[in-house]
Amino acid sequence: MMNLLLTVSPGRLGLTIKVYKNDPQNGAVITEIDPACTFKNQLEIGDRIVTIDGLKVTKIEDLSLNKDRLRKFGIVKKKNQVAAADKREVSRENITTATTTTSATAVKAATEQLQQQQAMKQQYLIRTQQEQRAAKQQQNEKIEIPKHPMMGLSRRVNGNYNIVHQHENLKNIPQTLVISRLQTFIESLSQMKCISNRSRLHISCTCMQFLQNKPKLQLAMCHAILEYSHMTHVQKKHHVVERMRYAKMVSRKAEGDSNRIVEQLYGLPLSYEYLENINDMERDDAAASCAANADAQVDADSSHPSSYQEQQQQQQQHQQQQLSEAFSHRICASAFFRLHTIGPHAEKIHKQYIGGDLSIITHQNAGKKRKRKTTDAMNDLRSSLQALYDEYINSNECKRKGDDFTLPVSISKRNYYEEWCRKRGWEPIKTDTANGQYAKVADFELLDGYYRTEEEESLAEAEGRYVVGVAKRVVAFTNFMYCWNNEFPNMKTQGRVGKGMFIGERYGSGKWDRNR
């Protein structure tokens, strides 16, 4: 803003002027004043010449414009420049302060909003965790799955059973006790819901509640599950895979949300022979009761049918109806695998066989490589041990202690294993004579006259060599010991030190040598 409009005559000005580049105030700054200047009293150093004849001064050449005539200079005094600069600085500070205040307010508001959102999220997570914890606690309180009574079950030679695991150690219990335990287990399952995991959802199923207050059906299931436990590993796989295939074949998508509905595809395990025997026994009992009470019922009222007969007929009709409903009833996979004590690993292996050929199971392996057992060798070993058992079970040469009996001192497990291998054409090789360790079966040596294949046998006959036959496969000593200890646990051997000397005779202790 101009403070002075000065009229300057033509000629020399007598001023030293400087123009600053990028100066926001524009104009030429007076740096020196010549004493001969005609208007020196009206100017001072620091004043600015901003216009000449109304035109803005932006460069030194603008001062030479119309210098041969009168010109009007627009002057801005130095004091006004300082005041204007101070005013601009104050305005700039105010703007900066206002901007800073606005930014701080916005940041504070955003921070508070973020803190509120985080607090709400934390409260939601805490509430969700509490609800899940409460639901899980309530579920655990409601559903306490009992342990299966057939864990660690093994069948003895005399027909009784052993139940040995970390929680129980029962020996030589009768079949009736096992069935009663199973019936108690099934009754407890019928009073609760099955929990099935499907699509990461915990779904409850009421398929087992069908068996409530039906003791005969529960007994039929007990006999069926016990028959399943008597099967071999191959038979069990065939049994389970066939039912899994049937379940897959009859599966249908349920209406509504299929992720929240448990598919009930597996049939109840029922023993048909047990049900038929029960029906025959009931009919015989009913006929016997009717014959015993026939005279009394006729004397009471000969014109009306016996009320007892009516009750028996109604009861039989009711049982037949229960049987028909039981045969058509389906249970879920969780209940099916729990009843048959099939864990998740075995279930996964069974599912691999659903779409394939069941012939792969006849290798008698559990789905693992390099663990195939020879069927004929194991069967021959069992028959040989059974013959030994039958020979000495009632012999007077054996010492007895309860159900256990001790073989003569001439018979040891290692000697019997070596003799059995020689009968099949192999000479066992010991790698450690002191500890009685044997080499691998593949490293056993052939006896004289035995050959590995029929081709080698025919070639030996053609060459005129001694021929006995083709050597048969044998099992390792560990499998031999497993078969003896688990299938013939009552048949014991006497520990020996040296040649034919009892430990008890030498040391007077009567201990058993478990290495024998």
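Tutor: What follows goes from the whole chain to one helix, then to its surroundings and the nonpolar cores.

This is a predicted model, in which local features need pLDDT of at least 70 and side-chain atom pairs count only at pLDDT 80 or more, while totals for chains, interfaces and linings use all residues. Residues are numbered from 1 along each chain as its sequence is written, and side-chain values use heavy atoms, with hydrogens and water left out.

The protein chain has 14 helices and 22 strands; helices (H or I, at least four residues) and strands (E, at least two) are DSSP runs, numbered from the N terminus. Of its 516 residues, 32% are buried, where buried means under 20% relative accessible area, exposed over 50%, and partly exposed in between (1.4 Å probe, protein chains only). Contact means heavy atoms within 4.5 Å. Among contacts with a separation of 6 or more, 59% join residues 24 or more positions apart.

The part to look at is helix 9, which covers residues 344–352. On the face turned away from it, helix 9 carries the exposed residues Pro344, His345, Lys348 and Gln352.

The loop between helix 8 and helix 9 holds threonine 341. Threonine 341 has a positive phi of about 50° although it is not a glycine. Most residues other than glycine have a negative phi. With a relative accessible area of 46%, threonine 341 is partly exposed. Asparagine 172 also has a positive phi, of about 55°, without being a glycine. Asparagine 172 belongs to strand 9 (residues 169–173) and is partly exposed, at 27% relative accessibility.

Helix 4 and helix 8 come up again in the largest nonpolar core. A nonpolar core is a set of buried Ala, Val, Leu, Ile, Met, Phe, Trp, Tyr and Cys residues joined through side-chain atoms within 4.5 Å. The largest has 42 residues, of which Met208, Ile331 and Leu339 touch the most other members. The elements that each supply at least two residues to this core include helix 4 (233–249), helix 7 (307–328) and helix 8 (333–339). Helix 3 gives the most, with seven residues. Leaving aside residues up to four places away in sequence, methionine 208 touches Leu189, Ser190, Cys194, Ile331, Ala335 and Leu339.

Apart from this core lies another, of 29 residues, with Leu385, Tyr438, Tyr450 and Phe488 among them. Tyr438 also belongs to an aromatic cluster with Tyr416, Tyr417, Trp420, Phe477, Phe480 and Trp484. Two of these, tyrosine 417 and tryptophan 420, both lie in helix 11 (residues 413–423), three residues apart, about one turn of the helix. Tyrosine 417 and tryptophan 420 are both buried.

Methods
Rings of Phe, Tyr and Trp (its six-membered ring) pair if their centres lie within 6.5 Å; planes under 30 degrees apart count as stacked, over 60 as edge-to-face and the rest as tilted.
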